[in-house]
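Trainee: Can we go through this one together? I'd like to start with a helix.
Mentor: Fine, here it is.

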Amino acid sequence: MKTRDAFELTIALCRREGAAGSGDGRVGLLGRAADRTAFHAYAMRQGVLGLALSTLRRQAHPFDGATINAILAPLRTLSQQARLWDMERNRVLALLAREGLSPVLLKGAALRVTTYRAAVERPVGDLDLLVPAEEMDRTVERLLAAGYRMPESAAAIEGFREHHFHLPMHHPNGFEAELHWALTPRATTHRLDHDDFIARARTAEVDGLAVRLPIPEHMLLHLSSQNTEDHFSKLRRIVDIDRVIASGEPDWEFVIAEARRGGLEAPTALSLQLAHHLFGTSIPAALPARLGVGRTTRAALALLEPVSTLATGRGPTRAVARFLQEVWLAPAAARAQHLKRVVAGEDDPLEWLWRGEEEAQSPPAERRRGVRLAAALALYQCWIVLCAPASAATADGRRDLRIWDRAA
């Protein structure tokens with residue numbers, strides 16, 4: 001199965017109730033074992049296999065019993081994993097509640113209990129908790145008592161606390177928890193107000209537990225922020241945005257005001273426009289303009305092929321394209337300063353940790369990319385502009401270039 005076919009079929013199967021997901025002609029490809037295996041792998045990488053198969057199970061399909069059983073086979077394992085994660089979530093939250101601790105569930109853990117009909121439709125890789133500053137030490141203590149462990153290296157713990165925005169904790173049974181004291185890395189050009197997330201969090205009952213959850217508007221902003229971390233490479237987050245909006249009309253004035261306050265205008269506009277473009281998600285007219293994202297920025301982001309790179313699940317393949325995307329996603333007021341930092345080649349203070357090293361090495365000599373990278377960025381921008389007419393001659397190219405249609 002070609003990547004484009006897998007992408008289009010995934011989009012069809014991830015549409016909300018009423019969309020003719022299984023009516024897509026590509027669903028017939030799942031009758032062939034090789035294509036079926038390729039689709040399973042693709043949808044799994046994109047984080048939507050459980051959702052896609054759940055949709056197919058509910059809808060009419062052209063397959064016999066043996067074939068549909070083979071297609072739906074991964075659902076059993078995914079459902080078992082979802083149940084185990086929910087049990088662990090409830091165990092952790094109950095332990096914390098007995099100590100009077102009330103973290104806010106974030107990301108997948110919050111989305112699967114607010115916007116999806118079943119846990120299997122929204123996988124999680126860890127339990128993300130936004131913890132009030134005054135509760136952090138006690139929360140760590142309770143998780144340690146519950147069998148979780150902090151990173152073995154004292155240097156790693158210090159590195160997370162000094163330069164990152166959460167502390168990862170691991171349970172020997174394979175569960176992961178991330179305790180957040182902030183919502184955005186320090187090096188980003190935008191900020192989310194974690195105190196406001198906590199103050200506005202709502203309480204809902206989940207499996208008999210009182211659980212604190214972000215308001216939908218904050219979920220949209222957080223998803224938009226996360227999209228910048230992996231260069232808009234995860235289809236799952238666009239599906240999340242579609243589902244959050246479908247679960248109840250957001251306060252769009254609040255979303256716009258908070259995006260502008262936090263410098264998140266372009267990531268929010270692109271995230272919402274992708275959801276509208278791919279899933280027909282309802283968003284206000286002229287939203288990008290209301291966010292202050294001008295035509296030049298929109299054109300520059302469209303030239304970086306947002307739909308095509310989302311389809312691959314990797315984001316822009318060239319490093320220079322990733323740098324350029326970061327520049328255009330930065331708020332206009334901070335763009336020049338961000339470009340200066342990119343060109344200067346500032347090092348990630350936790351790069352040693354991501355490489356799996358035990359501790360930070362002695363500081364390397366300053367690496368300045370300087371004129372070479374500046375010239376590469378300028379040349380690449382010129383190149384994609386010149387290639388735009390040729391790109392517009394292909395179906396994929398037209399889809400990318402029309403990402404902002406009806407957004408004026």
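Trainee: How many residues does α5 have, and how far does it reach?
Mentor: Helix α5, residues 74-98, has 25 residues and reaches 37 Å from its first C-alpha to its last. That is close to the expected 36 Å, the expected span being 1.5 Å times one less than the number of residues. Helices here are DSSP runs of H or I with at least four residues, strands are runs of E with at least two, and both are numbered from the N terminus.

Trainee: Is this an experimental model or a predicted one?
Mentor: This is a predicted model, where local features need pLDDT of at least 70, side-chain atom pairs count only at pLDDT 80 or more, and totals for chains, interfaces and linings use all residues. Residues are numbered from 1 along each chain as its sequence is written, and side-chain values use heavy atoms, with hydrogens and water left out.

Trainee: What comes just after α5?
Mentor: G100, with a positive phi of about 75°.

Trainee: New topic: how are β5 and β6 joined?
Mentor: Five bridges join β5 (residues 202-206) to β6, and the two run antiparallel. Strands pair if DSSP finds at least two bridges between them. V206 has L209 in β6 as its bridge partner.

Trainee: And what is between them?
Mentor: Two residues, as β5 and β6 form a hairpin. D207 in the turn has a positive phi of about 50°.

Trainee: Is β6 mostly covered or mostly exposed?
Mentor: Mostly covered: four of the five residues in β6 (209-213) are buried, meaning under 20% relative accessible area with a 1.4 Å probe, protein chains only.

Technical notes. Buried means under 20% relative accessible area, exposed over 50%, partly exposed in between (1.4 Å probe, protein chains only).
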